[in-house]
Amino acid sequence: MKVVSNPEISREVLQRLRDKYLTPKPLPHVTELIYCLTRSYWDRLDPIEPTDHELLLFAVGFGLEEMLLRQEGQEPPKAIELDGITLTPDYIALRGGMVDLKSTRAYPDKVTREPGKGWSETWQEQFMAYAKAFGKLEYTVTVVYIIPAEVASFTFVFTEAELGANWQKMLQRKAQYMEALEAGKVPTPFTTNREWECRFCRYLGRCNSLVGKEA
């Protein structure tokens, strides 16, 4: 028996993923405002395509959504617009409420079972934005931990003050982002992000060049 590498098929599979899932989001989208505005700007105006590795990591989440959230013939959740910001939640209706889905390779604290490593503040800001848009103080999330294979669900209970403060932050970042897009001037690198966002960012070289920082 002889086994021969077939890179053409691999390229076709990856291209199908790109064509199916990498579609532009409405402007501005809440996820653009939560994460680094410099990256969001370049994703809009001068994008570098995700690497094959990034694309396949996205595909894990896409596949779980299809398996767990989508029932045959069911309409996908409709996008919501609040104060000119679009939100597109992915959820399934369970027990009279909405349950969002997240997948991660990070694992919760083994003692408390609470999400620790990998349970980013960006997720929490996203959940607060959705709760605000739905007019609720609670948001329930099911997390699929890829390694090891495990599912855990959590309900976040927010205060009105927390939701209000988070939404004000989104509005401020929306104003900053839209001004940058209209002026055609990239937001100053390393000023609108969390440090960990730079770690594997495909725009890091650009940012370093703009601020005269060595790679």
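**Figure 1. Confidence across the chain of this predicted model.** In this predicted model, confidence is highest in helix α6, at a mean pLDDT of 97, and lowest in strand β3 (residues 91-94), at a mean of 67. Averaged over the chain, the pLDDT is 83, and 85% of the residues score at least 70.

**Figure 2. The elements of the chain, in order.** How many helices and strands can you find in the chain? There are seven helices and six strands. Starting at the N terminus, the order is α-α-α-α-β-β-β-β-α-β-β-α-α. Of the 215 residues, 38% count as buried. The accessible surface of the chain is about 13500 Å², and carbon and sulfur atoms account for 54% of that surface. Now think about which parts of the chain touch one another. Taking contacts between residues at least 6 apart in sequence, 68% join residues at least 24 apart.

**Figure 3. Helix α6 and the elements packed against it.** Helix α6 covers residues 160-183, 24 residues in total. From the first C-alpha to the last, α6 reaches 35 Å, close to the 34 Å expected at 1.5 Å a residue. Which residues of α6 are buried? They are L163, N166, W167, M170, R173, Y177, M178, A180 and L181. What do the buried residues of α6 pack against? Their partners are the helices α2 (30-34), α3 (37-45) and α5 (121-134), together with the strands β1 (80-82) and β2 (85-87). Just after the end of α6 comes G184, which takes a positive phi of about 65 degrees.

Figure 4. R18 is found in helix α1, which spans residues 7-21. Is R18 buried or exposed? R18 is buried, because its relative accessible area is 11%, and the cut-off for buried is under 20%. Setting aside neighbours within four places in sequence, R18 is in contact with E49, P50, T51, D52 and L55. A polar atom of the R18 side chain lies 3.0 Å from the backbone oxygen of P50. R18 also forms a salt bridge with D52, with the closest N and O atoms 2.9 Å apart. This pair links distant parts of the chain: R18 sits in α1 and D52 in helix α4 (residues 52-69), 34 residues apart.

Figure 5. As a reminder, side chains of opposite charge can pair when their charged atoms come close. A search of the whole structure finds twelve salt bridges, and this view shows two of them. One is between E125 and R194, whose closest N and O atoms are 2.7 Å apart. R202 counts as buried, at 18% relative accessibility, whereas D43 is partly exposed, with a relative accessible area of 32%.

**Figure 6. L210 in helix α7.** Our last stop is L210, found in helix α7 (residues 204-210). At 49% relative accessibility, L210 counts as partly exposed, because the cut-off for exposed is over 50%. Which residues does L210 touch, leaving aside its neighbours within four places in sequence? L210 is in contact with W42, V186 and P189. V186 is 24 residues away from L210 along the chain, and the C-alpha atoms of the two are separated by 9.8 Å.

Note on methods: Residues are numbered from 1 along each chain as its sequence is written. This is a predicted model: local features need pLDDT of at least 70, side-chain atom pairs count only at pLDDT 80 or more; totals for chains, interfaces and linings use all residues. Side-chain values use heavy atoms; hydrogens and water are left out. Helices (H or I, at least four residues) and strands (E, at least two) are DSSP runs, numbered from the N terminus. The expected span of a helix is 1.5 Å times one less than its number of residues. Buried means under 20% relative accessible area, exposed over 50%, partly exposed in between (1.4 Å probe, protein chains only). Contact means heavy atoms within 4.5 Å. Accessible areas come from the Shrake-Rupley method with a 1.4 Å probe; for residues, only the protein chains shown count as cover. pLDDT is the predictor's confidence in each residue, from 0 to 100. A polar contact is a pair of N or O atoms within 3.5 Å; within protein, one must be able to donate a hydrogen and the other to accept it, and residues adjacent in sequence count only if both atoms are side-chain atoms. A salt bridge is a side-chain nitrogen of Lys or Arg within 4 Å of a carboxyl oxygen of Asp or Glu.
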